[in-house]
Amino acid sequence: MIFPSLALSLSHDLQTINNYIDFTTMVTTAAAAAHKTQQQQTRVLIVGNYCHDVLIQDNTVKAESLGGAASFISNVVNGMSIPCNLVSKVGEDFKYPVDYTPIVIPTAKTTVFHAYFDLGIDGNGHQDRVLKRVCACDPILASDLPDVRSNFGMAVGVGGEILPETLERMIEMCDAVFVDIQALIRVFDSVDGTVKLVKLEETGFYSMLPRIGVLKASSEEAVFMDVEEVRKWCCVVVTKGKDGCKVYWKDGELRISPFSANQEDPTGAGDSFLGGFVAGLVQGLAVPDAALLGNFFGSLTVEQIGLPKFDSRLLQRVKDEVQRRKMQCLHCERCDNELEFLKPVGHEQFHASLGSAKLIPPCSSQARPWTPSNSPKEAEQTPIPHYTGQAKLLVNSVYEEPIQTVEGKP
């Protein structure tokens, strides 16, 4: 005879195990499919709006730039020569050239964020900042998504543009879906648009966690979810800036080493991490090696102002190292999904190889870093005709640094 309480416990444990198998299978199946297929199936689907970012200090506009997680992620994915689709909405006022043409909404304006900075430091040691969404373009609907299956889907909204039904559709049409938690937990003051964060369990997305592959959060955002609970349902990756990142799954966790960097601007580092992470998985790397690639691109991003420009010789070296790493690990491939979450032999050497790639002298000089002493005219970017030419090196996209939280919560 099995007592009811014991039966309930066994049932819960079995469900938890099944969920763990499901999300590990999502990631490994998607990676295998992306590695093998050369058909019309899209490798990566990126969903999130482009936006205009405005940095304001001492009541003066210091910089205007292209914003949105989608811009940083697609920058990395393009750099690694990975085919992708990108779905983004903007208004007719959108003023930056991009590689993926967004959906233009004639009756709306492009999403705009204003970031107000003080010269002081808050109690957490961060530069004090208030972020406001002063204009919001239309949300991305399920019907806006392309009618083609993708290996990896990336839900990376910054202005509330990802709807539950849109994420639901992404789950249906992608082998594995990666979600940036900021797309789920940001709320906006109805009066002035101040950005605040709410707990993940209070959103309409919480029930979808068992069906996504990976949930990415910064260390500041991670306090708005119960990591110990969420890791039962999906893989959780928490970025920790100069300390690298940490990968959590049901029965384990791994700290992934960082790369040294001379930080100029932390903006977009988490987005570039996510782009590098998925790029690694697409090319068949194990999760720890892919996370290492994510840390690498995050470190490159903080060394430049705004949307980073990646040197062509460096990118080729990185591609070569990834290919070499993949070949090294072929003999380790097994059907055991857990292997994907363990550091393969040679992980530290892969870290060293990527680190040495950063020492390659650039083909051309980078843009001069922005500082408060620069005049607004020097920092601002001139509007450019729609969708022509190559992506331009822009300055100070500021949407991803620590922001105010609801009711003073940490």
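Glu-321 is buried, at a relative accessible area of 8%. Here buried means under 20% relative accessible area, exposed means over 50%, and partly exposed lies in between (1.4 Å probe, protein chains only). Arg-317 is partly exposed, at 27%. Both residues sit in helix H9 (residues 312–329), 4 residues apart, which is about one turn of the helix. Helices (H or I, at least four residues) and strands (E, at least two) are DSSP runs, numbered from the N terminus. Glu-321 and Arg-317 form a salt bridge, and their closest N and O atoms are 3.0 Å apart. The term salt bridge covers a side-chain nitrogen of Lys or Arg within 4 Å of a carboxyl oxygen of Asp or Glu.

A word on the model itself. It is predicted: local features need pLDDT of at least 70, side-chain atom pairs count only at pLDDT 80 or more, and totals for chains, interfaces and linings use all residues. Residues are numbered from 1 along each chain as its sequence is written, and side-chain values use heavy atoms, with hydrogens and water left out.

How many salt bridges does the rule give? The count comes to 17. One of them links Glu-228 to Arg-231, with the closest N and O atoms 2.9 Å apart. Glu-228 is partly exposed, with a relative accessible area of 47%. Arg-231 is buried, at 6%. This pair belongs to a network: salt bridges that share partners join Glu-228, Arg-231, Lys-246 and Glu-253.

Now take Lys-242 and Asp-243. They also form a salt bridge, and here the closest N and O atoms are 3.8 Å apart. Lys-242 is exposed, with a relative accessible area of 73%. Asp-243 is partly exposed, at 36%.

Next, the strands. Why is strand E9 (residues 150–155) described as largely enclosed by the rest of the structure? Because 6 of its 6 residues are buried. E9 pairs with strand E10 (residues 174–180) in the parallel sense, over 5 bridges. Two strands pair if DSSP finds at least two bridges between them. Within this pairing, Phe-152 stands opposite Ala-176 in E10.

Follow the chain from E9 to E10. The path crosses through helix H3 (residues 164–173), and this β-α-β crossover is right-handed. To check the hand, point the strands away from you: the path from the first strand over the helix to the second runs clockwise in a right-handed crossover.
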